[in-house]
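Me: I am new to this structure and would like to go through it with questions. Please set each value against its definition.

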Amino acid sequence: MSLNTDHIRVTHAGSLPRTPELIAANAAKETDGVTPEFLELLEASVVEVVQRQKDLGIDIPNDGEYGHTMSSSVDYGAWWNYSFARLGGLEPTNVDRWADAQVHRSSPGNIVLTSFPDRRDRQAFNEAYNDPSSGILSHRKSVTQPKIAGPLTYTGQDLVASDIRNLKTGLAAAGLSDGFVASLSPGSCARVANEYYTSDEELVYACADAMREEYKAIIDAGLTVQLDDPSLAESWDQINPEPSLEDYLKFIQLRVEATNWALRDLPQEQIRLHVCWGSWHGPHTTDIPFADIIGSVLQVNAGAYSFEAANVRHEHEWRVWEDTKLPEGKVIIPGVVSHATNVVEHPDLVADRIVRFADVVGRENVIASTDCGLGGRVHPQIAFAKLEALGEGARRATTRLW
């Protein structure tokens, strides 16, 4: 990952709003299959969104994750669900894990993830989560998830090739050279219901071996791969009762080691890791502090680390970098606008956040970004206004830093 030389570069965390035409085409694809008309629409949509990112001041754009099917305009899980079409060994179920109320209890030395509705934050604010007028999880379309019923294999070669081809077409049309494609991390992949592998270690490494094919395809195409790994931070809230920090760090250490296994021999300068605490608009009172896991995060062999730093639960954690040395040659990609609010950040606030990080780790080591993906989380009009504020804020920060 190259360093800034004369300005604060700008990117974002991945998902961007899909157009109504693309959402409708994705729905039609379920019955009609992939048609030439769908492929033409997908390519044209990617070309358009890459150009729009450039116009808004994004230096390192992506394809908006348009190759990852979004079920509706409100979709918190497309970053994860897309992988189901790219993995062999899965079997369909009728279970929607966002609604499935099964309870799984952990014990000291034995961590298991419970169901999404049994998360500790959801239990603490049960009335709010179950009130459709609260704005939490509202208007989400029910989507089922499969289970692992056989050996995991990667079957998404044609789909990732389409992602790569469309992004490279968009980059060429916009006159840009750098771009990234988001891909599921092994630890997040391993959260699929498992009825085949007999141990957590066996499961996580099987996910690593399968997803490595996607990482390698993206890198071999000359693009940057972004590993989406909320499992490192978000899993803390999905363990009931709250575990000891020692047990949790052991739990995510396996995921760090499996990730590095998947990334073996791949160039770190084309790898970025995205860590977040989940994209739903809830209280997040049970999020683990970034300081508790940053040592684990920095063990991942990536050239850049993307993380939430703009929302009201995590903005204060910029101070973790006062006590944590950024490894030589690595960069950080802090979120300086948030996916968790409809309020559009003022560019001066964005600039303040950027400068704060630059003062701690160096102006050359900071790429400005969003907390998490905006697509499926905020209205398209608001999402692109946030990207505009991000680009303008980076320009104002550049004036102050250079």
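Predicted model: local features only at pLDDT ≥ 70, side-chain atom pairs only at ≥ 80, totals over all residues.

Me: How do you know that the span of α1 agrees with 1.5 Å a residue?
Reply: The expected span of a helix is 1.5 Å times one less than its number of residues. For the 13 residues of α1 that gives 18 Å, and the end C-alpha atoms are 18 Å apart, so the two agree.

Me: Which residues of α1 are buried?
Reply: Leu 22, Ile 23, Ala 25 and Asn 26 are the buried residues of α1. They cover an arc of only 160 degrees around the axis, which puts them on the same side of α1. The arc is taken from the directions that run from the helix axis to the C-beta atoms. The face turned away from the buried side of α1 carries the exposed residues Pro 20, Thr 31 and Asp 32.

Me: Why is Asn 26 called buried?
Reply: Buried means under 20% relative accessible area, exposed means over 50%, and partly exposed lies in between, with a 1.4 Å probe and protein chains only. Asn 26 has a relative accessible area of 3%, so Asn 26 is buried. Apart from neighbours within four places in sequence, Asn 26 is in contact (heavy atoms within 4.5 Å) with Phe 38, Thr 69 and Met 70.

Me: What covers the buried residues of α1?
Reply: The cover includes α2.

Me: How do you know that the span of helix α2 agrees with its number of residues?
Reply: α2 runs over residues 36-55, and its 20 residues should span 28 Å at 1.5 Å a residue; the end C-alpha atoms are 29 Å apart, which agrees.

Me: Which residues of α2 are buried, and which are exposed on the other side?
Reply: Phe 38, Leu 42, Ser 45, Val 46, Val 49, Val 50 and Gln 53 of α2 are buried. They cover an arc of only 130 degrees around the axis, which puts them on the same side of α2. An α-helix has 3.6 residues a turn, so residues three or four places apart point the same way. On the other side of α2, Pro 36, Glu 37, Glu 40, Glu 48 and Asp 55 are exposed. Among the elements that cover the buried residues of α2 are α1 (20-32), α6 (157-174) and α14 (380-401). Gly 57 follows α2 and has a positive phi, near 100 degrees.

Me: Why is Arg 122 called buried?
Reply: The relative accessible area of Arg 122 is 11%, so Arg 122 counts as buried. Arg 122 is found in helix α4 (residues 120-124). Not counting residues up to four places away in sequence, Arg 122 touches Trp 98, Phe 116, Pro 117, Tyr 129 and Leu 137.

Me: Is Asp 265 buried or exposed, and what is its phi?
Reply: At 76% relative accessibility, Asp 265 counts as exposed. Asp 265 has a positive phi of about 70 degrees although it is not a glycine. Most residues other than glycine have a negative phi, and most peptide bonds are trans. Asp 265 is found in the loop between α10 and β6 (271-275).

Me: Is His 284 buried or exposed?
Reply: His 284 has 8% relative accessibility, so His 284 counts as buried. The phi of His 284 is near 60 degrees, a positive value in a residue other than glycine. His 284 has its place in the loop between β6 and α11.

Me: Which residues does a cis peptide bond join?
Reply: The cis bond joins Asn 240 and Pro 241, with omega about 0 degrees. Pro 241 is in the loop between α9 (231-234) and α10.

Note on methods
Residues numbered from 1 in each chain as written. Heavy atoms only, no water. Helix = DSSP H or I, 4+ residues; strand = E, 2+ residues; numbered from the N terminus.
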